[in-house]
Amino acid sequence: THLDRLVMGALVGLLGFVVLVGSNVRTCLDTLAVDSQPLWTLRNAGRAAGLSSLSQLVLEPIFGAASPAPPPVQAVGPSHSIVALFLGAILAAAALLIVTSRLMLALAQAGHGESLAAALNHPRRSRWLSLGIWPAACYSHAARMLAHHSGRLARVGADAHVLDIGCGLGESLLLWRSHAFSAARVVGINVGAVDVAAAAATVSVDRAIEVVQASDSGDLPQVVARGSIDAVVGVDASYAFGARDALLGAAFAALKPGGALVVAEVLGPRHPHRPKVFVWSGMLASLLGISVDRDVLSCVRQLRAAGFEEVMCIDLTRPVVKGLLRWSWEQPLTCVHAKGAGCAVYALASWLGMEFMIIRAVKPAAATSG
């Protein structure tokens, strides 16, 4: 379950922090002239009690396994102290970021999207869940602007039939039916049953909006007939569907000739000439619960393979990352969700090289739904 993944991610992050920082603890103790005799006693007591695996994993990387007596305190220059403490602070921040990010993702994916949305949209009552377009006056305004921009690119207009991929808690569905777009019919799909129920409750007052559950295999529900949709929109949520090729193929079949597909999503780094980037990105991304196996170039190839034309990519990485991070740090310290969202997005972009893109593609006018 998602909560199990949260616990495992937290444990892996904290354990990695302990092991990595362990090699620097002794330097810090020696530099600061701290008596390490109690910690040596703890290590020896652990080994005597039979906790050999714990001693080898946590304590022995710090103090060593051979010498039974604590080493004498050695004089180390102040530069070593600064470097050791600085490195320890960086690793501590990284561990905290990983745990916080995993918590954010677990809340969003394990049916706690409403509490997460309430915290991010406070004090407004809206329930947006996206990275938004910045600068903006508040989070809900930024998220609404991202959806509005995506709808304009998809050419959602009066009497249009719209398919919303990953409609979240339903705010975007109401937007397509508002005076800003005046869509005639809107179908929203989510993978999780809890999210489907939450979105259906949001749009229950409008009978022209339907929310249905879809599988993560990429197949669309039967209510979406072939060639019946004018615009397919995915506002920062299409990555919830695992099989991208199948999803794009299904979207192509559902669109009318000349219809547009617009998705706003996080994509992997573009560093084919630096294989080490993918190695470290994969390790950190696995702790964060993010997939980095799909960059913008592979996305364009998938769209063209599905039959789309006029593929256009808009890079919003810098304004989204800087704007969301700035907004998150302007919030009070008690707003843990806001802090976690800003730090997680910054880590994805700065450490992993992830990109936030709006991608638009058009089904040829002469194409059939197949």
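**Entry 1: Arg155.** I began with Arg155, which is partly exposed because its relative accessible area is 47% (buried means under 20%, exposed over 50%, partly exposed in between, with a 1.4 Å probe and protein chains only). Its phi is positive, about 60°, although Arg155 is not a glycine. I placed Arg155 in the loop between helix 6 and strand 1 (helices are DSSP runs of H or I with at least four residues, strands are runs of E with at least two, and both are numbered from the N terminus).

**Entry 2: ground rules.** I am working on a predicted model, where local features need pLDDT of at least 70 and side-chain atom pairs count only at pLDDT 80 or more, while totals for chains, interfaces and linings use all residues. Residues are numbered from 1 along each chain as its sequence is written, and side-chain values use heavy atoms, with hydrogens and water left out.

Entry 3: Ser182 sits in the loop between helix 7 (171-177) and strand 2 (185-190), and it counts as partly exposed at 31% relative accessibility. Next I looked for cis peptide bonds. I noted one from His122 to Pro123, with omega near 10°, and one from Trp134 to Pro135, with omega near 5°. Pro123 is in the loop between helix 5 (113-121) and helix 6, and Pro135 is also in the loop between helix 5 and helix 6.

**Entry 4: helix 9.** How many residues of helix 9 are buried? I get eight of the eleven in 244-254, so the helix is mostly covered. Among the buried ones are Arg244, Leu247 and Phe252. The buried residues pack against strand 1 (161-165), strand 4 (229-235), strand 5 (255-267) and helix 11 (296-306).

I then took the pair of helices. Helix 9 and helix 11 pack at about 45°, with axes 9 Å apart (axes are lines fitted to C-alpha atoms, for helices over the stretch in contact, and angles run from 0 to 180 degrees between N-to-C directions). That makes helix 9 oblique to helix 11 (under 35 degrees is roughly parallel, over 145 roughly antiparallel, 65 to 115 roughly perpendicular, and the rest oblique). From helix 9, Arg244, Asp245, Leu248, Gly249 and Phe252 meet Gln302, Leu303 and Ala306 of helix 11 (contact means heavy atoms within 4.5 Å).

**Entry 5: cores.** The largest nonpolar core has 47 residues (a set of buried Ala, Val, Leu, Ile, Met, Phe, Trp, Tyr and Cys residues joined through side-chain atoms within 4.5 Å). Val156, Val162, Leu173, Trp176 and Phe356 have the most contacts inside it. Helix 6 (139-153) gives the most to this core, six residues. Apart from it lies another core of 29 residues, including Ile189, Ala251, Val296 and Cys299.

**Entry 6: Leu173 and Val211.** Leaving aside neighbours within four places in sequence, Leu173 contacts Asp164, Cys167, Val186, Gly188, Val203, Ile209 and Val211. Val211 is in strand 3 (209-213) and counts as buried at 15% relative accessibility. With residues up to four places away not counted, Val211 touches Leu173, Val196 and Ala199, among others. Finally, I noted that Val211 and Asn190 are 21 residues apart in sequence and 7.8 Å apart in space, C-alpha to C-alpha.
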